[in-house]
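Take a first look at the model below. Then read on for a short tour.

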Amino acid sequence: MTDTTATPLTRPQRGSSPRLLRQRHAAERRFRIYGISAIVIAAVVLVALLGSIANRGASAFFQTEIALDIYFDPEVIDPEGTRAPDALYSANYQTLAKRALATRFPEVTDRRAKRALTRLISSGAGFELRGMVLATPALIGTTARYWIKSSDDVDSFVKNNVARDAPESDRRVKDNEIVWLDALIASGDLGTRFDTTFFTASDSREPEQAGIWGAVVGSFLTLVVTLSLSFPIGVLAALYLEEFAPKNRWTDLIEVNINNLAAVPSIVFGLLGLAMFLSIFGMPRSAPIVGGLVLALMTFPTIIIAARAALTAVPPSVREAALAVGASKLQVTLHHVLPLAMPGVMTGTIIGMARALGETAPLLMIGMVAFIVDIPGSFTDPATVLPVQIYLWADSPERAFVAKTSAAILVLLAFLVAMNALAVILRRRFERRW
Amino acid sequence: MQILVSVITLLLLSIVGYELGRRRVLILAGARRRDLHSRPQYHGLYVALWCAIPGIGAAILWLVARPWLGRIVALPDTNGATTAIVAAIAGITGLAIAHRRIAPPLRARIAVERIARAVMLIASTVAILTTFGIILSLLFESLRFFAKVPFFDFLFGLRWSPQTAIRADQVGASGAFGAIPLFAGTMLITVIAMCVAVPIGLFSAIYMSEYATPRVRANVKPMLEILAGVPTVVYGFFAALTVAPLFRGIGESVGIGVSSESALAAGMVMGIMIIPFVSSISDDVMNAVPQTLRDGAYALGATRSETVRQIVLPAALPGIVGGILLAISRAIGETMIVVMAAGLAANLTANPLQAVTTVTVQIVTLLVGDQEFDSAKTLAAFALGLALFVITLVLNVIALRVVRKYREKYD
């Protein structure tokens with residue numbers, strides 16, 4: 001590197017000239033400012049990114065609800081009076097909510113206005129009422145006040161996402177609906193409450209009924225597969241390469257492969273999954289097992305690289321001491337080197353898992369992008385994962401899904417922060433400097 | 001499901017085998033424990049492995065062979081428990097054989113260690129198998145594609161419209177597979193991304209390695225790591241819902257038409273995503289420049305910025321170039337940002353305000369949704385994937401070589 005120093009620095013022309021010195025110091029200051037502004041730009045962008053998402057997403061954790069006096073009419077629920085679960089299950093509960101709304105606003109008689117009135121409440125209100133009746137059939141015949149979810153349009157309106165003074169044609173909530181909503185607000189029958197549906201439900205076409213639980217379960221199942229494949233393979237391969245492998249062509253080939261795999265675009269792994277696992281092996285589409293497999297292939301190079309770094313950090317004196325008291329090579333490795341390297345290995349694994357949790361593109365290839373309402377129960381059920389759910393919602397036209405998407409992103413980021421925090425804690429607590 | 005049952009069965013059998021082997025050798029040795037070649041645990045492991053390995057082998061063989069066997073003889077339908085039964089039979093046989101071999105002089109540790117080494121070797125070849133799998137699957141499907149669409153039409157064609165006709169007389173269903181617009185779009189977005197990422201990444205790395213106090217470093221480095229840890233789908237959402245409308249609004253206010261899926265928005269956000277790659281690699285290589293070089297420059301009276309520009313950067317240049325190449329390959333292969341924020345129409349343009357499409361966007365569009373696996377449309381995705389793989393591979397190999405060659409100079 002000595003040749004680089006051969007280029008002359010600043011020209012040696014009267015270096016003490018005050019003007020030249022001033023210029024040089026000004027250049028120095030400018031250069032420093034470039035550096036600081038680069039960091040500031042990065043920081044500002046990060047804040048803008050997280051801020052805009054938090055800002056949009058915060059409202060999705062709350063849901064506008066309308067208090068209605070629901071009369072559980074036996075005529076509607078169970079006209080035959082048998083109380084058979086099948087009959088109770090298939091009754092039209094939405095009607096109950098609609099009737100309650102009609103009694104709340106008796107002045108609405110026009111058919112079109114009536115239809116507009118029913119649009120105030122969620123089309124899933126019936127399912128909630130059904131759940132209540134199935135839980136306690138004694139409700140039938142009684143009247144009680146319940147908070148019913150509003151529709152997503154009303155929800156957006158109440159949360160001020162839509163300007164009140166916009167021309168009526170630009171609003172999903174029309175003028176007459178605003179009058180009703182104002183009446184409800186005035187009587188205290190309209191309020192926003194913490195939305196548990198978002199955490200317990202699965203995907204839905206209706207924003208107010210959509211939740212992330214299905215995606216969280218899908219992510220969990222997928223990561224279980226990923227972890228149980230990539231961790232053993234990664235650690236074993238790292239042990240072999242670091243402790244046992246002879247230096248030869250074959251080992252070189254493996255190393256080149258690992259380094260390259262770590263940099264292959266993720267979507268290519270998706271293509272591999274589609275051509276190999278789905279077409280040739282005939283594994284099920286959209287299943288966590290396939291997603292987990294693909295992500296495992298993506299993750300294990302990362303784990304190998306981290307594990308090897310952790311293994312090399314263990315000083316040779318440990319190995320020599322163990323060998324000296326008669327341990328075999330494998331005993332040295334498994335009883336002494338690996339436990340000492342474990343914090344580093346775990347840290348690398350958690351970071352790899354965090355990356356796998358945020359990965360979307362390869363899972364699109366293997367069909368995890370389908371609209372799935374059921375919560376997956378096993379590794380072969382069709383499922384989706386959190387980032388794919390985010391992608392799906394981001395594509396939805398309904399306005400309320402923008403907030404839902406941001407909220408789902410917040411949940412995803414919370415998981416990632418938790419995982420990375422765990423990695424940092426592991427590193428701080430257990431990592432030893434030799 | 002049957003796999004899970006088989007695994008559990010074999011696991012239980014192996015645990016039983018471990019205990020049996022360990023106890024048997026202890027009983028056989030009796031009071032003369034010193035006659036044991038290996039410690040009792042190894043005898044246990046010996047039996048357990050003799051149970052597990054034949055069991056796994058038999059299960060795999062059975063899973064592969066059953067479809068053929070089923071055609072020859074009618075197999076009883078036992079709710080998928082057959083795999084577990086086959087595995088259990090093989091496992092118990094192995095267990096019995098190994099159990100009889102157990103004796104104090106048996107070199108159980110040697111046998112177990114040999115198997116452990118073999119397992120490690122197999123684990124390390126998974127990397128090679130994966131690469132092979134990728135190459136084979138991409139190549140195989142691409143060859144089928146090139147049987148339908150000539151290779152050079154694909155590589156040098158100027159028109160991309162992958163809608164193949166279902167009926168012969170369909171409008172706009174010509175099915176043109178010229179990939180040049182996609183490559184051009186990818187290039188455009190990558191160039192925009194690098195215009196953002198290289199200056200910001202490089203300058204923040206310079207500041208961090210040459211100017212920053214340890215405290216500033218300790219705060220800024222995690223910040224950049226957060227930027228690297230944000231999932232790409234989040235960047236995509238940010239690009240599509242915040243940045244693109246912002247640019248469009250700015251364009252409207254000054255009277256320039258900006259597409260709502262402009263290459264600029266996607267490229268800028270991708271650049272932000274790539275900042276940490278550039279900065280962390282540049283930071284590393286600049287830290288690797290020996291302090292003596294800097295001290296020499298200071299001794300000659302150079303200011304810090306002069307030292308950085310004329311000593312540190314030239315010395316670190318190969319590493320930085322390598323890092324930028326890696327970042328470019330990352331940008332080319334990035335999918336979610338462009339899927340969400342870039343367009344679908346294959347425009348051949350260099351105008352960053354218009355919508356362009358990229359290779360990865362087209363792969364996703366061609367493959368998402370149900371399609372028959374043989375149409376040129378689906379196969380085209382694999383040809384694009386192959387192109388993507390080759391380009392990124394070449395970039396990675398060059399980059400890794402440059403970085404390594406340079407690092408060796410100081411070691």
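The report goes from the contact between chains to single residues.

This is a predicted model. Start where the two chains meet. On chain A, 73 residues are in contact with 79 residues of chain B. Helix α1 (residues 18–57) of chain A gives the largest share of chain A's side, 18 residues. By residue type, that side of chain A divides into 52 nonpolar, 18 polar and 3 charged residues.

Next comes a covered helix. Helix α17 (residues 386–394) of chain A has 9 of its 9 residues buried. Among them are Leu386(A), Tyr391(A) and Trp393(A). What do the buried residues of α17(A) pack against? In chain A, they pack against α10 (213–244), α16 (361–365) and α18 (400–430). In chain B, they pack against α8 (232–254) and α12 (336–341).

Now the strands of chain A. Strand β1 (residues 62–71) pairs with two others, as the table shows.

| Pair in chain A | Sense | Bridges |
|---|---|---|
| β1 (residues 62–71) and β3 (residues 190–194) | antiparallel | 5 bridges |
| β1 and β2 (residues 143–149) | antiparallel | 7 bridges |

Glu65(A) has a partner in each of these pairings. In β3(A), its bridge partner is Gly191(A). In β2(A), Glu65(A) stands opposite Lys149(A).

Is Leu184(A) buried or exposed? Leu184(A) is placed in helix α8 (residues 175–186) of chain A. It counts as buried because 23 C-beta neighbours lie inside 10 Å, and the cut-off for buried is 20 or more. Setting aside neighbours within four places in sequence, Leu184(A) is in contact with Ile66(A), Asp189(A) and Leu190(A). Leu184(A) and Val154(A) are 30 residues apart along the chain, and their C-alpha atoms are separated by 12 Å.

Glu80(A) sits in the loop between α2 (74–77) and α3 (85–90) of chain A. Glu80(A) is exposed because 8 other C-beta atoms lie within 10 Å, and the cut-off for exposed is 12 or fewer. Along the chain, Glu80(A) and Leu96(A) are 16 residues apart, with 17 Å between their C-alpha atoms.

Last, the domains of chain B. The domain assignment gives domain 1 (2–123) and domain 2 (176–410). The C-alpha centres of these two domains of chain B lie 51 Å apart.

Definitions and conventions
Residues are numbered from 1 along each chain as its sequence is written. Chains are lettered from A and ligands numbered from 1 in the order in which they are written. This is a predicted model: local features need pLDDT of at least 70, side-chain atom pairs count only at pLDDT 80 or more; totals for chains, interfaces and linings use all residues. Two residues are in contact if their C-beta atoms, placed from the backbone, lie within 7 Å. Helices (H or I, at least four residues) and strands (E, at least two) are DSSP runs, numbered from the N terminus. Ala, Val, Leu, Ile, Met, Phe, Trp, Tyr, Cys and Pro count as nonpolar, Asp, Glu, Lys and Arg as charged, and the others, Gly among them, as polar. Domain bounds come from an automatic or database domain assignment. Two strands pair if DSSP finds at least two bridges between them.
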